[in-house]
Amino acid sequence: MKLVLGARRNDRIIHNPDTLLIAYRNDMGCDYLDYKQVTPKGKVFPEDLAVTLAVNSQAGWRAFRSLKESAVSINLAKLPDMPLEETSESERKEVAQFIAGIARLPGFAASLATKLLHKKRPQLIPILDNQAIFGAYMNENWPQLPATSFSVKGEDWIGKALDWIFIDLRRSENTSAWKKLLAIEPTRTKIELFDSVWWMYFRKVQPVR
């Protein structure tokens with residue numbers, strides 16, 4: 001089995017993604033995916049930052065204060081209620097705008113914003129990690145040059161990441177692999193399968209020093 005990831009722009013062949021997916025069960029990110037939030041899915045609360053710590057977020061007091069002051073104005077009803085792989089180009093643009101709006105709040109960037117929002121819309125919003133996605137998946141110089149952490153707040157880069165993942169979820173050469181991976185983890189959404197496999201591949205190539 002193999003997956004080809006990179007949106008036909010920066011493709012990498014991921015061999016044995018099933019092995020990587022099973023290995024993810026021992027990663028701390030699995031606690032994040034398995035955790036059932038007690039806050040309503042239709043709203044964002046400062047308490048929602050807590051679970052993001054399980055995926056190594058940089059949540060701090062500034063982000064907490066931002067949600068304390070702005071959470072009531074974050075209207076999740078504006079987001080499409082569908083899987084990312086079924087969205088239109090205009091719907092993905094709306095999602096990118098929504099994510100960027102939170103990413104620009106003090107204490108936030110795209111990584112923390114998507115770690116917060118993924119638990120509310122697990123079929124729609126992938127985790128756009130600074131290193132794994134912006135520093136590696138979308139970086140043609142990786143792994144020759146190690147991925148570094150940098151904050152992304154702009155709608156253009158967020159939208160580009162959503163478009164890339166959308167392509168990889170739908171491309172015909174991956175259809176069989178996604179079905180087999182879903183059989184291994186039937187409770188996961190397709191973007192959670194992507195997040196898990198790519199994260200394990202990323203850390204296999206670039207381990208934590």
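User: Which residue forms a salt bridge with Lys120, and how far apart are the closest N and O atoms?

Analyst: This is a predicted model. In it, Lys120 forms a salt bridge with Asp48, with 3.1 Å between the closest N and O atoms. Lys120 lies in the loop between helix 6 (110-118) and helix 7 (130-137), and Asp48 in the loop between helix 2 and helix 3 (49-52), so the pair ties together parts 72 residues apart in sequence.

User: Is Lys120 buried or exposed? And is Asp48 buried or exposed?

Analyst: Buried means under 20% relative accessible area. Lys120 has a relative accessible area of 1%, so Lys120 is buried. Asp48 is buried too, at 2%.

User: How many salt bridges does the structure hold?

Analyst: The structure holds 10 salt bridges. One of them joins Asp34 and Arg188, whose closest N and O atoms are 2.9 Å apart. Asp34 lies in helix 2 (residues 28-34), while Arg188 lies in the loop between helix 9 (175-184) and helix 10 (190-205), so this pair ties together parts 154 residues apart in sequence.

User: Is Arg188 buried or exposed?

Analyst: Arg188 counts as buried, at 9% relative accessibility.

User: Now aromatic rings. What describes a pair of them?

Analyst: Two numbers do: the distance of the centres and the angle of the planes. The structure holds 9 aromatic pairs. Among them, Tyr137 and Phe194 sit 5.3 Å centre to centre with 75° between the planes, an edge-to-face pair. Tyr137 lies in helix 7 and Phe194 in helix 10, so the pair ties together parts 57 residues apart in sequence. Tyr137 counts as buried, at 0% relative accessibility. Phe194 is buried, also with a value of 0%.

User: Which residue forms an aromatic pair with Trp142?

Analyst: Tyr201 does, again edge-to-face: 6.2 Å centre to centre, 70° between the planes. Trp142 lies in the loop between helix 7 and helix 8 (155-170) and Tyr201 in helix 10, so the pair ties together parts 59 residues apart in sequence. Trp142 is buried at 1%. Tyr201 counts as buried at 17%.

User: Which residues form one aromatic cluster?

Analyst: Tyr137, Trp142, Trp164, Phe194, Trp198, Trp199, Tyr201 and Phe202 do.

User: What should helix 10 span at 1.5 Å a residue?

Analyst: Its 16 residues should span 22 Å. The end C-alpha atoms are 23 Å apart, which agrees. Buried residues in helix 10 include Ile191, Leu193, Trp198 and Phe202.

User: Which charged residue lies over the face of Phe166?

Analyst: Arg92 does, at 3.7 Å from the ring centre. Lys160 lies over the face of Trp157, at 4.7 Å from the ring centre.

User: Last, the strands. In what sense do strand 1 and strand 2 pair?

Analyst: Strand 1 (residues 2-5) and strand 2 (residues 12-15) pair in the antiparallel sense, over 4 bridges. Val4 stands opposite Ile13 in strand 2. The two strands form a hairpin with 6 residues between them. In the turn, Gly6 has a positive phi of about 145°.

Definitions and conventions. Residues are numbered from 1 along each chain as its sequence is written. This is a predicted model: local features need pLDDT of at least 70, side-chain atom pairs count only at pLDDT 80 or more; totals for chains, interfaces and linings use all residues. Side-chain values use heavy atoms; hydrogens and water are left out. A salt bridge is a side-chain nitrogen of Lys or Arg within 4 Å of a carboxyl oxygen of Asp or Glu. Buried means under 20% relative accessible area, exposed over 50%, partly exposed in between (1.4 Å probe, protein chains only). The expected span of a helix is 1.5 Å times one less than its number of residues. Two strands pair if DSSP finds at least two bridges between them. Rings of Phe, Tyr and Trp (its six-membered ring) pair if their centres lie within 6.5 Å; planes under 30 degrees apart count as stacked, over 60 as edge-to-face and the rest as tilted. A charge sits over a ring if NZ of Lys or CZ of Arg is within 6 Å of the ring centre and within 35 degrees of the ring normal.
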